[in-house]
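Have a look at the model first.

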Amino acid sequence: MRLGPRSVAALALVSAIGVAAFGWPLLAASSSGLAHSKDAPWLFAALLPLLLAVAVATIADSGLDAKAVAMLGVLAATGAALRPLGAGTAGIEPMFFLMVLSGRVLGPGFGFVLGSLSMFASALLTGGVGPWMPFQMLAMGWVAMGAGLLPGPDRLRGRGELAMLAAYGAVASVGYGTVMNLQGWPYIGSLVSGVSFVPGDPLADNLGRFVAYCLATSLGWDLPRALVTVLATLALGPTLLKALRRATRRAAFDAPVAFHDPHGP
């Protein structure tokens, strides 16, 4: 499902808002007294209509129908059901490989919506609703969107595609953890000075401490997540990719609609 101009505009807008939401604490004054617990409800309120806009733009640009929306719902429910199987256990989260493979087949627009909806449904399912939820939705949306932007969607198949998806899944798994660290790191107090956020310090200095924080705290979670994603992609990827592509063909997402006169020649 290729990106059209409306899909590009919608994805660019929601991604720009997401980058601003994650990054503004690094630029805020030390006297601002703000935290994500206060801005998260506003971000969530803005995110839902933006997700709808991305979905509508993708449908309008690609000529999709209700079958695509139904597939999106099934995959989002599956992703939400997979997440509790490993979430909270050494970073093992089996939903990542499904987001990567689905984003590859469905494209970046629907991939972003799928990743975001999966995290939203998972939060409702597990009671994990909190100020971190809209940030998780954004980060997972980027993971699936990135898979849809990988090269060769029409021609690359077989081991080459599988290796590319496994490598991307590993990078995306670590990237997800790093981005989510940024959501809470500026507000965690009583850390040792070498890894804590210092309001008002130069951005480069704070970014250096942030890298040290990630290496000291979350890498032990991010690496197992990446390993599970790679193994699941290599083991289940061929079957799942075939199933997803067969479903899209049977749904005839790209088939042109033509009307014929039954009484004609």
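The protein chain has 9 helices and 0 strands, where helices (H or I, at least four residues) and strands (E, at least two) are DSSP runs numbered from the N terminus. Along the sequence the pattern reads α-α-α-α-α-α-α-α-α. This is a predicted model, so local features need pLDDT of at least 70 and side-chain atom pairs count only at pLDDT 80 or more, while totals for chains, interfaces and linings use all residues. Residues are numbered from 1 along each chain as its sequence is written, and side-chain values use heavy atoms, with hydrogens and water left out.

**Whole chain**
- Of the 265 residues, 47% are buried (under 20% relative accessible area; exposed is over 50%, partly exposed in between; 1.4 Å probe, protein chains only).
- Take the contacts (heavy atoms within 4.5 Å) between residues at least 6 apart in sequence: 79% of them join residues at least 24 apart.
- The chain exposes about 12700 Å², with carbon and sulfur atoms supplying 70% of that (Shrake-Rupley method, 1.4 Å probe; for residues, only the protein chains shown count as cover).

**Helices α7 and α8**
- Helix α7 (residues 158-184) packs on helix α8 (residues 203-217) at about 120°, axes 11 Å apart (axes are lines fitted to C-alpha atoms over the stretch in contact; angles run from 0 to 180 degrees between N-to-C directions).
- On the α7 side, Thr-178, Asn-181 and Leu-182 meet Phe-210, Tyr-213 and Cys-214 of α8.

**Around Val-8**
- Val-8 sits in helix α1 (residues 5-27).
- Val-8 is partly exposed, at 43% relative accessible area.
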